[in-house]
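I opened this entry to record what I looked up on helix packing. The coordinates are shown first, and my notes follow.

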Amino acid sequence: MVFRILGSILLLWGIADLVIGLQGGDLWAQVGITLPDIVWSYSHYIAIIGGAFIFSLGGSDTKDVPQE
């Protein structure tokens, strides 16, 4: 459950970073973090992929119930 929440937050951060970046803004600078240009260029992809990976570590919410 915790992995799914953290993964979702990171995924949403990456999407917001992508959208704001396409509009010419810098989400990282708005929160006071300065990234090197090479990292800044791909930061949204890194956040989206990392968020999706962490989300997938959470597994499924359904319990394995034996079927009769």
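I began with handedness: α1 and α3 cross in a left-handed sense, where left-handed means that the near helix is turned anticlockwise from the far one by less than a right angle. Helices here are DSSP runs (H or I, at least four residues), numbered from the N terminus.

I noted the provenance: this is a predicted model, in which local features need pLDDT of at least 70, side-chain atom pairs count only at pLDDT 80 or more, and totals for chains, interfaces and linings use all residues. Residues are numbered from 1 along each chain as its sequence is written, and side-chain values use heavy atoms, with hydrogens and water left out.

I then looked up the geometry. The axes of α1 (residues 2–22) and α3 (residues 37–57) come within 7 Å and cross at roughly 160°; the axes are lines fitted to C-alpha atoms over the stretch in contact, with angles from 0 to 180 degrees between N-to-C directions. The two helices are therefore roughly antiparallel (over 145 degrees).

Gly-7 counts as buried because its relative accessibility is 0% (the cut-off is under 20% relative accessible area, 1.4 Å probe, protein chains only). Beyond its neighbours within four places in sequence, Gly-7 is in contact with Gly-51, Ile-54 and Phe-55 (heavy atoms within 4.5 Å). I also recorded that Gly-7 and Ser-56, 49 residues apart in sequence, are 7.9 Å apart from C-alpha to C-alpha.

Finally, for the whole chain, I found three helices and zero strands.

Terms used: Parallel < 35°, antiparallel > 145°, perpendicular 65-115°, else oblique. Buried < 20%, exposed > 50% of the residue type's maximum accessible area, 1.4 Å probe, protein only.
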